[in-house]
Amino acid sequence: MAQPRFLTLSDVSEILSISVAQARAMVRSGELPAIQVGGRGQWRVETQKLEEYIQKGYERTEQAVREGSVG
């Protein structure tokens, strides 16, 4: 089965093991790119953008480990 193109904030929170409120805060701060759709402005995160966010997190962590700034 093909992966969906867009995820709800609930989906994102489940994937990242965080609360929906934390996912919403990440979107509102611009940390995680998302779009609003529909008349009620429901947030949607493109699957590819979430994967890019996760990859960048790995890269930041790897850099921090190399620099010795991870406790």
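Guide: What follows is a short walk through some features of this structure. This is a predicted model, in which local features need pLDDT of at least 70, side-chain atom pairs count only at pLDDT 80 or more, and totals for chains, interfaces and linings use all residues. Residues are numbered from 1 along each chain as its sequence is written, and side-chain values use heavy atoms, with hydrogens and water left out.

Visitor: Which residues of helix α2 are buried?

Guide: Helices (H or I, at least four residues) and strands (E, at least two) are DSSP runs, numbered from the N terminus, while buried means under 20% relative accessible area, exposed over 50%, and partly exposed in between (1.4 Å probe, protein chains only). In α2, residues 20-29, the buried ones are Ala23, Met26 and Val27. Down the axis of α2 they fall within an arc of 95 degrees (taken from the directions from the helix axis to the C-beta atoms), so they line one face of the helix. Ala21, Arg28 and Ser29, on the other side of α2, are exposed.

Visitor: What do the buried residues of α2 pack against?

Guide: Contact means heavy atoms within 4.5 Å, and the buried residues of α2 pack against α1, β3 (42-46) and α3. In α1 (residues 9-16) sits Ser13, which is buried because its relative accessible area is 7%. Leaving aside neighbours within four places in sequence, Ser13 is in contact with Ile18, Ser19, Val20 and Ala23.

Visitor: Is Thr47 buried or exposed?

Guide: Thr47, in helix α3 (residues 47-67), counts as buried at 9% relative accessibility.
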